[in-house]
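Hi everyone, and thanks for making time today. I'd like to walk you through a structure that may be new to you, so let's bring it up on the screen.

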Amino acid sequence: MSKVTSKNQLQGKEIKRDYLDEAVHGYNLKTAMEEAARCVLCYDAPCSKGCPADTKPADFIRSIRFRNIKGAAATIREANALGGCTAKVCPYDRLCEEACSRTGIDKPIQIGRLQAFAVAMEKEYDMQVLEAPDATKEKVACIGAGPASLACAQKLALSGYKVTIFEEFDKPGGVLTYGIIPSRLPQDVVDFDIQKVKDLGVEFVLNKKVGRDISISQLREQGFKAIFVGTGLWKSKALDIRGKDLNGVTYAVEFLKKARSSMGEMRIKGDVVVIGGGDVAMDCAATAKLLGADKVTIVYRRTIEEAPADIAELEYVQALGIGISTKFKPQEILGEDGKVKGFLAEGTDGFSQLKLKADHVIFAIGQEAENMKEIADISLNDNGTIACDVNKGFTNEEGIFAAGDIVNGGKTVVEAVAAGKSVAESIISYLSKKEGVK
């Protein structure tokens, strides 16, 4: 705990107060070299074993240390289609940095910031580190342009397949574009990662929802031999409490999407209560504060130690002056003339009560799957996610594969990348066997 806190105390000095400004500055060449020089160059490095997407931090840190910046960028990009995005939002403190051997000496290498530096150099110097072969193999459709689909598409394109991504919204990126506050993940970082996927020949079809604007059967008629479903979770969960339908009550997905689409022009007035304790709740709270809210309070039903949000995100909202009330369960949203006026919660101790003035209440208690039967007649779990082999992505419908949040119920971006890569291998194997049968 202390090692993470000290890291973020240093970063906290760099916190800005603008919705579109990045909260933490990146390394320059000098500071990146200094940090990379701290690496003890482990044999069989534990940090690399700690990365779900196999981004190989030991290799790219070594490259930076010896001034091979292009080599570092190539290592990252080859392994991780979203190297720039994961450098910003990955929970390093409980993955590769937690595994870092340097932890036993003083503090772990700042792997995330070094990764962000290498990708920033890739962009600044227009490095071309990947080149796809001619797309001479079968056509594959990816549904949704979020992390899992982007990772799957890159892997397939590098293997010579013709890949088309179909996206419901007017911009690709999924949660990267619409669900994370820009101070944590600037849009230019998202756009750069997506451009690198486009550079491999992947085609994007925007504003077209599979199941509404085009069917699976139509995709098959168009010659797509395999279909990957990576739609993510876009339906917000809600609590069935009195006042939930008042004007001023909103949900995390809708709120974050509207804020990001406004490019910081949206204004929030009055007091805001955010219900939840995960990273999404922290993003909602920070967004409300940075867009003008007078007071923002996070209400969470468990202790702060049990909150699923990363420590860095908790520290960030606290640095913005946002309060966190723990061990309180929402009881009622108070209203007047159809509008939110307050919020009432009861303590888990059975005695305490919390009453807050509120003009807005945001539910950030998780997301769930929309009706997947609109896309295909595939088997679903009780919670609406797709039932399939989590590692290989095979569904009960031949030629249809799935991965990411729509399968695992909602995890990290880096885990979605790992799943997308893994299922791409299954698609390659499936198509190779079909070709062999012919």
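Predicted model: local features only at pLDDT ≥ 70, side-chain atom pairs only at ≥ 80, totals over all residues.

Is Lys209 buried or exposed? Its relative accessible area is 19%, and the cut-off for buried is under 20%, so Lys209 counts as buried. Leaving aside residues up to four places away in sequence, Lys209 touches Glu168, Ile214, Glu370 and Glu374.

Now let's move to a sheet. Three strands make up an open sheet, in the order E10-E11-E12, and the pairing is antiparallel. At the edges are strand E10 (328-336) and strand E12 (353-357), each of which pairs on one side only. On average, neighbouring strands here are turned by 20° against each other, direction ignored. If you zoom in on strand E11 (residues 339-347), you'll find that E11 and E12 pair over five bridges. As one example, Leu344 has Lys355 in E12 as its bridge partner.

Next, a helix. Which residues of helix H15 (residues 311-319) are buried? They are Glu313, Leu314, Tyr316 and Val317. These four cover an arc of only 160° around the axis, and therefore they lie on the same side of H15. What do the buried residues of H15 pack against? Their partners are helix H14 (279-290), strand E8 (295-300) and strand E9 (323-326). Just after H15 comes Gly321, with a positive phi of about 85°.

On to the interior. In soluble globular proteins, nonpolar side chains tend to be buried together. Here the largest nonpolar core has 77 residues, and the members that touch the most others are Ile64, Leu114, Leu156, Leu176, Phe228 and Ile427. Helix H17 (residues 413-437) gives the most to this core, with eleven residues. Let's pick out Ile64: not counting residues up to four places away in sequence, Ile64 has contacts that include Ala32, Met33, Leu114 and Phe117. There is also a second, separate core of 30 residues, and among its members are Ile268, Cys284, Ala285 and Ile362.

Finally, let's talk about charges. How many salt bridges are there? The count comes to 21.

In one of them, Lys49 pairs with Asp44, and their closest N and O atoms are 2.9 Å apart. Lys49 is exposed, at 59% relative accessible area, while Asp44 is partly exposed, at 48%.

Another joins Arg94 to Asp310, with the closest N and O atoms 3.3 Å apart. Arg94 lies in the loop between helix H6 (83-89) and helix H7 (96-99), and Asp310 in the loop between E8 and H15, so this pair ties together parts that are 216 residues apart in sequence. Arg94 is partly exposed, at 42% relative accessibility, whereas Asp310 is buried, with a relative accessible area of 6%.

My last pair is Asp240 and Lys244, a salt bridge whose closest N and O atoms are 3.1 Å apart. Asp240 is exposed, with a relative accessible area of 69%, and Lys244 is partly exposed, at 27%. Salt bridges can also share partners, and in that way Glu35, Arg38, Arg102 and Asp106 are joined into one network.

Terms used. Residues numbered from 1 in each chain as written. Heavy atoms only, no water. Buried < 20%, exposed > 50% of the residue type's maximum accessible area, 1.4 Å probe, protein only. Contact = heavy atoms within 4.5 Å. Pairing = 2+ DSSP bridges. Helix = DSSP H or I, 4+ residues; strand = E, 2+ residues; numbered from the N terminus. Axes fitted to C-alpha atoms, helices over the stretch in contact; angles between N-to-C directions. Arc of directions from axis to C-beta. Core = buried A, V, L, I, M, F, W, Y, C linked by side-chain atoms within 4.5 Å. Salt bridge = Lys/Arg side-chain N within 4 Å of Asp/Glu carboxyl O.
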